[in-house]
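Subject: Handover of a structure and notes on it

Dear colleague,

Please find the structure below, together with its sequence.

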Amino acid sequence: MRKSLLLSLLIVLLCALTASAKKASTIKCELILNDGKKVEGWLVKDKSETYGPYMVKNVTDFVVATSRESKEGTSYNADDVKEIKLTNEVSGESLEYKSLYAVKSFTMPKSMTPSPKRYFWLVVYKGKKVTGYISTASNRVVTGVMSSYTERSLPFSYSVDGDDIAVTYHVPMDGTVIGKQADLKRMFERFPQMCEYIDSKDFSLKAFKKNPLILLEKLDEIVTSGK
């Protein structure tokens, strides 16, 4: 999946989440709750929050009505839902979210310490055993050994089958790539072969910026092979 397609998905997302401005919603919702119950309805509005030192932003609640004309509905929190699918009945475009924890702030991704609550993560990649997600964020301040700088980045995340936590890595939107490989290795430290790959000649930061999902494709290859 190329960067242009990822940005198109974000545009679809923004269109979906402005459905409340319409007289009648065209966004159909299908939810699976933690107890396995399935709920169907129409999107009224959503609620998002930023979290962590890099101010990553994800949806925490969807308000769903039983009627497409209704402007009131039931609020479903990420802590109570396993997954949700939104379908624009006009365009036929669909978005899928999974409910997962983030990595707790100020802890290392390798520890897999969960955040206090879960968030809805927008799915942009499905491998055999790895799922990838995309979020939004404001400028990210990166602190180095001698100085710090501001990086405009797009947050991507991943989970491996069995994980209940999404681990986030950042894709620079500007030309800044200072310390990027070391930063990426911290995000994939659970997988030694990923760190070796990021350090190898096979990995290109330029190619990574064009296609942020190459890391997830490689991770899926490693995890699936069981090496």
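The notes that follow begin with the overall picture and then turn to individual strands and helices.

This is a predicted model, in which local features need pLDDT of at least 70 and side-chain atom pairs count only at pLDDT 80 or more, while totals for chains, interfaces and linings use all residues. Residues are numbered from 1 along each chain as its sequence is written, and side-chain values use heavy atoms, with hydrogens and water left out.

Overall picture

The protein has five helices and 13 strands; these are DSSP runs numbered from the N terminus, with helices being H or I of at least four residues and strands being E of at least two. Of its 227 residues, 45% are buried (buried means under 20% relative accessible area, exposed over 50% and partly exposed in between, with a 1.4 Å probe and protein chains only). The accessible surface comes to about 11,800 Å², and carbon and sulfur atoms account for 52% of that surface (Shrake-Rupley method, 1.4 Å probe; for residues, only the protein chains shown count as cover). Where contacts join residues at least 6 apart in sequence, 53% of them link residues at least 24 apart (contact means heavy atoms within 4.5 Å).

Strand S1, residues 27-33, has a covered face made up of Ile27, Cys29, Leu31 and Leu33. Its uncovered face carries Lys28, Glu30 and Ile32. S1 runs antiparallel to strand S5 (residues 81-88), and seven bridges join the two (strands pair if DSSP finds at least two bridges between them). S1 also pairs with strand S2 (residues 38-51), again in the antiparallel sense, over five bridges. Lys28 stands opposite Thr87 in S5 and opposite Trp42 in S2. Four residues lie between the strands in the hairpin of S1 and S2, where Gly36 takes a positive phi near 90°.

From S5 to strand S6

S5 pairs with S6 in the antiparallel sense over five bridges, and Lys85 has Glu96 in S6 as its bridge partner. Their hairpin has five residues between the strands, and there Gly92 takes a positive phi near 85°. S6 and strand S7 (residues 114-126) form an antiparallel pair over six bridges, with Lys98 opposite Trp121 in S7. S6 is joined to S13 by two bridges, and these two strands run parallel; the bridge partner of Tyr101 in S13 is Ile165.

Which strand holds Leu100? Leu100 lies in S6, residues 94-103, and counts as buried because its relative accessibility is 5%. Leaving aside neighbours within four places in sequence, Leu100 is in contact with residues including Arg118, Tyr119, Trp121, Tyr133, Ser159 and Ile165. The C-alpha atoms of Leu100 and Phe120 are 6.6 Å apart, although 20 residues separate these two along the chain.

Strand S12

How many of the eight residues of strand S12 are buried? In S12, residues 153-160, eight of eight are buried. Ser153, Pro155, Ser157 and Ser159 point one way from S12, whereas Leu154, Phe156, Tyr158 and Val160 point the other way. Strand S8 (residues 130-134) runs antiparallel to S12 and is joined to it by five bridges. S12 and strand S13 (residues 165-172) pair in the antiparallel sense over six bridges. Phe156 is the bridge partner of Ile134, and the bridge partner of Phe156 in S13 is Tyr169. In the hairpin of S12 and S13, which has four residues between the strands, Gly162 takes a positive phi near 100°.

Helices H3 and H5

Two packed helices are described by the angle between their axes and the distance between the axes. The axes of helix H3 (residues 192-199) and helix H5 (residues 214-225) come within 10 Å and cross at roughly 135°. Axes here are lines fitted to C-alpha atoms, for helices over the stretch in contact, and angles run from 0 to 180 degrees between N-to-C directions. H3 and H5 are therefore oblique to each other (under 35 degrees counts as roughly parallel, over 145 as roughly antiparallel, 65 to 115 as roughly perpendicular and the rest as oblique). On the H3 side the contact is made by Gln193, Met194, Tyr197 and Ile198; on the H5 side it is made by Ile214, Leu215, Lys218, Leu219 and Ile222.

With kind regards
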